[in-house]
Amino acid sequence: MSKHDDQFQPETIYQQIEQLSSPPEAAASTSGALLRDLRDLYKQEEEITERVRTKLGQISDPQVTLSPRNTTSSKNIQTGRKTMHNDEHFQPLMSSRPGSNTPQRPKFPRSLLVAATILLALGLVGSMSFVLMHTHLPNQAAVTPTSGPMTKPETPAIPTGVKPTPTTTAGQNACTSVAAHPVTLTSPPGANSPALYYIVGKGGQQTLPSQTQLVRYDLTTGQKSTLYTSPEGESLINAVLSPDKHWLLLSSIFSRGQGIVLQLLRTDGQQLQTLYTDCSASATISEQSDRWSLDGSRIAFVSSDADLQILTLTTGQFQTYLSSTNLTEVYWVNNHQLTIQQNNSNDNVLYLLDTNKGTGQKLSDATALMHISTTCARLSISSDGSRLFNGSCNGRVPQNNCQSGDALSGQSVITSAPSGNTSHTTTIYSNTQDTVVAYAPIGTSQMLLYVMNPPAVTNAGPASHDGLWIINDDGTGLRQLTTGTGLKCWFQDGPYPDYQIASDGQHYALLQVNATSSGPLNQSLVVGKLSGGSNTMIANYEYGRENVLVVVGIGEK
Amino acid sequence: MKQPANPSAEDPTALGELYEHHVQAVLGYISHHIANLADAEDVLLEVFLAAQNRDALVGLNHGEQLAWLKRVAANKCVDLYRVARRRPEVALQNMVEDLYQDELQSPEAQVLHQERRATLYRHLAELPEHQQMVVRLYFAHDLPGREIALLLQKKESTIRMTLARALNRLRAAYEHEQTREGACHE
């Protein structure tokens, strides 16, 4: 067996593939043969589909000679093949189908992936061809209220000493780096009113979402308004409410795959300001890593190169506190300490980092708090940062109606521990049958649980237990708020969880995917009161098209 | 949030779109059953020609369309088996070996290669959907991990992990096949 013919390791996978693809290794090892066969298979598949495509075109309309795809590179071959329906040469074929009066249909959701592939390829070419300075126009199309106050975005000051090298992509919205700069946050005028904030967009399952919007739903008046619409070429991927609930941190990425933008928007839709823009090709934001410190003075996020970076809003200082790999999910424990998770192939480890120790720390400088199971586990924290919560269940079980997805099964356990000492664990919830697929702490004393029991699984809890529950942090007071008819599938690897919960201590918001006996799946966002009573559906989408992507939370305007 | 079954009201009956949307799945299905590339290509063409003349596809959602296409493909495969049985066959031992100076072009090597390809198709189809996607983007589209991460909106580390898991699973399947073949030869 070849020395390289070991298990593929995530950390060195690309080098392994390269080594195993070289002639001696490819011939001598099982892995080498596998890689060679994979490449052969896809190459042959491409050749077959291209030939059949051409034949179909010729049979459909003999007058039309379909030209072969651009074969200048493997990327072009593949992307060209998959975008056939956009190819003008193929139009006669589609329109000449006997007896068909069907107009050209909208693109399939899958074509979004193809489009993104093309855009990415074009972007790479563009970035090599054009090194131009363009002004980032995040505010241009930023706020388009459907009702509610008109907004007047402010143009951010662009200070000297911009950090990254600007790059740009031809055509759409371009990126110009904006260094961090001091900002002042003011409360919105007038009486406060609780409001739910959420992000909607198209796609987002296998591609970056597009046409993303930040929406506010006033829980008092029921009025809905769009606070922010992403400019073309950008995708709003997350928003986080400030501790005082008056500001939103918006995280966007350029949909051509280059650059990130951090912005602040007041919850009344006013005072949009760009905090920081990084146009470097590798810039992106790790999942759920953008967080306000408890006093709202600092913002932490993990960039794509796995640096934990912190912006100090009052000074505009932008500093790297930790450099490592596979960092994700940040929670502030207090104003100078935060937990950060490192996801490895077999387990995730939670670390405690002290920013008082200075910038440029390594993971060995942080304190390892605990290991987190990779299945079912989800970390969360109380609003004051004092307690960490960890959820677990019995793993994934296959479900026939989930395609490639699985369901989760009980026993479900949710534990709580002091943030600085996770060895002192308290069990808040434990149920041998019911499966908790999502949970969310409410303030410092309560928690919402969403139960979704898989059918046809031995010892699974009953369907009547499906729905939203509330429980006190000491394990008492468990009661059911809603009943559920949700989809029994769980796609753990998706970028946006199917089930999301938010609460402000008075109200709750629940995003769920509804399973019906017939017809399409649909996604609904409902709001209700923790005190009980019926809930109100405020958004409902056919699942897989336009969707609610992120339930940001309940704040005040 | 991955896409579960989505019986959309969308009605993609135009052949070009139909082809783009389902060609990989249909070809994968055919390749499970037919090892010979030329035969697989013929069947693929016949399936979509049948679809072109099939107004019944109007109004079907994507899942129903794919089910119909697979059913047609299955019938075409059966047809091919029947035809193949009537074809005159030449025994491999009667072939003049020195006609194939390149060993890879010999009939035996071709048959083995086709069988391995069909086996690989089967193992690929058994991978979780997201692993299939990452493997395809990496090997078919020749995209680096970072770009795949951007496309799928996942961390690059997740892509590396997914790719490693998929390849390890395929590799284990390969080793299993080798062990089984070894046992058969003994």
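Trainee: With which residue does Arg171(B) form a salt bridge, and how far apart are the closest N and O atoms?
Mentor: Bear in mind that this is a predicted model, in which local features need pLDDT of at least 70, side-chain atom pairs count only at pLDDT 80 or more, and totals for chains, interfaces and linings use all residues, while side-chain values use heavy atoms, with hydrogens and water left out. A salt bridge here is a side-chain nitrogen of Lys or Arg within 4 Å of a carboxyl oxygen of Asp or Glu. By that rule Arg171(B) is joined to Glu175(B), with the closest N and O atoms at 3.3 Å.

Trainee: In which helix do Arg171(B) and Glu175(B) both lie?
Mentor: Residues are numbered from 1 along each chain as its sequence is written, and chains are lettered from A and ligands numbered from 1 in the order in which they are written. Helices (H or I, at least four residues) and strands (E, at least two) are DSSP runs numbered from the N terminus. The two residues are four apart, about one turn of the helix, and the element that holds both is helix 7 (residues 156-185) of chain B.

Trainee: Is Arg171(B) buried or exposed, and at what relative accessibility?
Mentor: Buried means under 20% relative accessible area and exposed over 50%, with partly exposed in between, using a 1.4 Å probe and protein chains only. Arg171(B), by contrast, counts as buried, at 4%.

Trainee: Which residues are linked with Arg53(A) in a network of salt bridges?
Mentor: The side chain of Arg53(A) meets that of Glu20(B) at 3.1 Å, N to O, in a pair that crosses between chains, from helix 1 (residues 15-33) of chain B to helix 3 of chain A. Arg53(A) is buried, with a relative accessible area of 1%, and Glu20(B) is buried too, at 8%. The residues linked with Arg53(A) in the network are Glu50(A) and Glu20(B).

Trainee: What is the angle between the planes of Tyr276(A) and Phe318(A)?
Mentor: Rings of Phe, Tyr and Trp (its six-membered ring) pair if their centres lie within 6.5 Å, and planes under 30 degrees apart count as stacked, over 60 as edge-to-face and the rest as tilted. The count comes to seven aromatic pairs over all chains. This pair is stacked, with 4.4 Å centre to centre and an angle between the planes of 25 degrees.

Trainee: How many residues apart are Tyr276(A) and Phe318(A)?
Mentor: Both residues are buried. The pair links distant parts of the chain, from strand 7 (residues 273-278) to strand 11 (residues 317-323) of chain A, and the separation is 42 residues.

Trainee: Which residue takes a positive phi in the hairpin of strand 28 and strand 29 of chain A?
Mentor: Two strands pair if DSSP finds at least two bridges between them; here strand 28 (residues 522-529) and strand 29 (residues 536-542) of chain A pair in the antiparallel sense over six bridges. Within that pairing, the bridge partner of Asn522(A) is Glu542(A). The hairpin has six residues between the strands, and the residue with a positive phi, near 120 degrees, is Gly532(A).

Trainee: With the side chain of which residue does the side chain of Ser382(A) make a polar contact?
Mentor: Ser382(A) is found in the loop between strand 16 (378-381) and strand 17 (387-392) of chain A, and it counts as buried at 3% relative accessibility. A polar contact is a pair of N or O atoms within 3.5 Å; within protein, one must be able to donate a hydrogen and the other to accept it, and residues adjacent in sequence count only if both atoms are side-chain atoms. The backbone nitrogen of Ser386(A) lies 3.2 Å from a polar atom of the Ser382(A) side chain. The side-chain partner, at 2.7 Å, is Asp384(A).
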